[in-house]
Amino acid sequence: KKTHVKLHLTSYLESNNLLYSRQSWFRCNHSCQTALINLFDEWLSAIDNNEILGTLFIDLSKAFVVNHGILLEKMYGTHESTVKCLKIDINVSGTLSNCGKVSFGVPQDPVLGPTLIWVYINDLLLVLSECIADIFADDSTISAHNKNIDQVASTLSDELQQVNKWCENNHVAINIPTTKLMFVTSKPKHRHLSNTHKSSGVHFLDSVVGESSSERLLGVTINHDLSWNTHIETVIKKCNTFFIHCLEFRSISLFSKQKTVLNAYILYHFDGCCIIWGNCTSVKEDKLVKLQKRAARAILDVDFFSSKTMLTQLKWMTFPKRVVYHKAIQLYKTVCGEAPDYVKKYFVFTSEIHSRLLRSSSNCQLCTPTPNTQLFRNSFIFSGTSIGNSNPEYIKTASSVKHFKSLYLRWYKQSSQN
């Protein structure tokens, strides 16, 4: 029954464009990665225009305590039977209890729960007039940018008051101690502001929101200068700790299974949203490549082996090459319509702009934006376009994502051997 309700409700919301476009949780073609791409590319665009970006990381402490009365009001006249399926039973030693009605909250499962959360928080954006909200479950951010840091702080203060009114009306609470403010700027701009000016901060009720230099969002730790140092050090620390535990099993017969686990663990941490944080300094890249080599030796159980041979045997790319690979895949999905509109809108083919037939106006060539700063080159808009345009046309015109991956990897292998 929950699946039936979910399918019909989702179809209705999507087909009528009723869902907030920047709500990325449990939606087709949406993910943590696409949400972060959109967020960070907008941040980089603001910085590229010499603006200061302020973001509030809002912790909604009761995001999943949904009031069914309010939920019904938001479902545009949907009959109460729609939420009568929200019942619970308890399984004890194979015996089910009688079903009990749930008056608050939604099922904590991937079937109906996320859809009802969409409906419940979908009108949050309506209270914002100057900021942009990005929502992924209970991870919500609101951002504002301006060349004046005091104006940014003032705008965020005003908008946070409006968010609080929405929360009061919807029986949701903002957890102030864990709600944080971050000003995102380039390193030179940050040094200049530190020496010459300090913001008055974002005020909320009788307190000032705490300012942070790094925050974790959707699995990625963000530094205020977008250096990714904290996130990379965390990845290295986690992997090194895992190595130690795995090596303790070297003398046990189960070590062969540990190799498989170690391989999966490394790739999980390296590939998770690397499109975002993989744009790091060469020093950090070298650290990650050294970590790969150490992992390869542990997995293959060898002490002395050429790095190239080890990585080839494991079918691994070096970390910088993996970042390029994942950007190429995301770009292919984007231009083929397998990405949210908030990502697709940035990419335009040259053939859609130039009326004359130019060498750059191929059906597969994308317009490359002109950056004002070096930092903007790290954006997916810029780097993704550059990578996509450099791929052979037969790869760009692959029939599916699976086919694209196969062609790309074959082309990469051939290029590496030359």
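Start with the largest cavity: 13 residues line it, and Leu44, Trp228, Ile276, Asn279 and Asn378 lie nearest its centre. On a 1 Å grid over the protein atoms alone, a cavity is a set of points where a 1.4 Å probe fits but cannot get out, and lining residues have an atom within 4 Å of a point. Before you click on, note that this is a predicted model, where local features need pLDDT of at least 70, side-chain atom pairs count only at pLDDT 80 or more, and totals for chains, interfaces and linings use all residues. Residues are numbered from 1 along each chain as its sequence is written, and side-chain values use heavy atoms, leaving out hydrogens and water.

Now colour α2 (32–48) and α9 (274–277), the elements that give two or more residues to the lining of the largest cavity. Helices (H or I, at least four residues) and strands (E, at least two) are DSSP runs, numbered from the N terminus. α2 gives the most, with 4 residues. The volume here is about 120 Å³, counted as the space filled by probe spheres set on grid points joined across faces, edges and corners.

The space inside is about 70 Å³, and β6 has the largest share of the lining, 3 residues.

Jump to helix α12 (residues 319–335) and helix α14 (residues 380–390). How do they pack? Their angle is about 90°, with axes 9 Å apart; axes are lines fitted to C-alpha atoms, for helices over the stretch in contact, and angles run from 0 to 180 degrees between N-to-C directions. The pair is therefore roughly perpendicular (65 to 115 degrees). Show Val324, Lys327, Ala328, Gln330, Leu331 and Thr334 in α12, which meet Phe380, Ser383, Gly384, Ile387 and Gly388 in α14 (contact means heavy atoms within 4.5 Å).

A pocket is an open set of points with protein on both sides within 12 Å along at least five of seven lines. Of its 22 lining residues, Lys315, Trp316, Met317, Leu409 and Tyr412 are the closest to its centre.

Definitions and conventions: Angles under 35 degrees count as roughly parallel, over 145 as roughly antiparallel, 65 to 115 as roughly perpendicular and the rest as oblique.
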